[in-house]
Amino acid sequence: QKVKDQEELGKIAGVTGTPGSFVYDTVTKQAIQLGGAVPLETMEAELAKLKAGEGEVINIAPITEEDFIRGNMDARYAIIEWSDYECPYCGRFQESTSQLVEKNDEVKWVYRQFPLDALHPNTREKSVAALCVGQIASNDAFWEFSDILLGL
């Protein structure tokens with residue numbers, strides 16, 4: 001059910017494909033939608049725009065203790081991504097986002113499930129497995145498992 005819930009939250013935010021992602025300000029609740037598997041430079045440019053107040057209010061579900069977060073848990077800014085473990089573009093996006101979070105302590109990364117069943121028949125089971133790993137083991141275990149699923 002949690003995978004379905006995360007999919008629905010993505011649809012409400014305007015996600016139609018993967019990676020569906022946003023640069024999000026947790027204080028002002030403003031965001032900028034990123035277009036697909038953008039490179040690190042684009043993420044940094046969009047983050048700068050958001051810091052300058054150029055975002056807009058987008059109906060993004062708030063970050064909760066149920067979310068899996070990589071990076072500084074207390075960071076003001078977040079990359080919120082809805083993703084599919086079998087999407088090759090999501091793997092590229094994951095590499096860029098990992099670099100951003102590693103070099104910028106002001107940004108955390110929130111991963112949410114958005115399996116594209118019609119394109120990737122095994123992805124829903126991978127989403128369920130990843131959420132189980134995170135719930136049973138830890139936030140870090142979720143991210144380690146996700147990296148393996150994406151071939152990183």
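Trainee: How many residues sit between E1 and E2 in their hairpin?
Mentor: There are 4 residues between E1 and E2 in that hairpin. In the turn, Lys29 has a positive phi of about 65°. Keep in mind that this is a predicted model.
Trainee: Okay, and in which sense do E1 and E2 pair?
Mentor: E1 (residues 20–25) and E2 (residues 30–35) pair in the antiparallel sense, over 5 bridges.
Trainee: Which strand is joined to E2 by 2 bridges?
Mentor: That is E3 (residues 56–57), and E2 and E3 run antiparallel. Look for Gln30, which stands opposite Val57 in E3.
Trainee: Zooming out, what is the order of the strands in the sheet?
Mentor: The order is E3-E2-E1-E5-E6-E4. These 6 strands form an open sheet with mixed pairing.
Trainee: Which are the edge strands, then?
Mentor: E3 and E4 (68–71) are the edge strands, and each pairs on one side only. E4 is joined by 4 bridges to E6 (residues 107–113), and E4 and E6 run antiparallel. There, Phe68 stands opposite Tyr111 in E6.
Trainee: Which strands does H2 touch?
Mentor: H2 (residues 40–51) packs on the sheet and touches E1, E2, E5 (77–83) and E6. The direction of H2 makes about 160° with that of E2. H5 (residues 139–149) also packs on the sheet, touching E4 and E6. The direction of H5 makes about 85° with that of E4.
Trainee: Changing topic: at what angle do H1 and H4 pack?
Mentor: H1 (residues 2–13) and H4 (residues 123–136) pack at about 105°, with their axes 9 Å apart. That angle makes H1 roughly perpendicular to H4.
Trainee: Which residues make that contact?
Mentor: From H1 you have Lys2, Val3, Lys4, Gln6 and Glu7, and from H4 Arg124, Ser127, Val128, Leu131 and Gln135. By class, the contact has 3 nonpolar, 3 polar and 4 charged residues.
Trainee: Last one: what is the volume of the largest pocket?
Mentor: The largest pocket has a volume of about 160 Å³. Its lining includes Lys2, Asp5, Gln6, Leu9 and Arg112.
Trainee: And which element gives the most to that lining?
Mentor: H1 does, with 4 residues. The residues of the lining divide into 3 nonpolar, 2 polar and 5 charged.

Definitions and conventions. Residues are numbered from 1 along each chain as its sequence is written. This is a predicted model: local features need pLDDT of at least 70, side-chain atom pairs count only at pLDDT 80 or more; totals for chains, interfaces and linings use all residues. Side-chain values use heavy atoms; hydrogens and water are left out. Two strands pair if DSSP finds at least two bridges between them. Axes are lines fitted to C-alpha atoms, for helices over the stretch in contact, and angles run from 0 to 180 degrees between N-to-C directions. Angles under 35 degrees count as roughly parallel, over 145 as roughly antiparallel, 65 to 115 as roughly perpendicular and the rest as oblique. Contact means heavy atoms within 4.5 Å. Ala, Val, Leu, Ile, Met, Phe, Trp, Tyr, Cys and Pro count as nonpolar, Asp, Glu, Lys and Arg as charged, and the others, Gly among them, as polar. On a 1 Å grid over the protein atoms alone, a cavity is a set of points where a 1.4 Å probe fits but cannot get out, and a pocket is an open set with protein on both sides within 12 Å along at least five of seven lines; lining residues have an atom within 4 Å of a point. Grid points are joined across faces, edges and corners, and a volume is the space filled by probe spheres set on the points.
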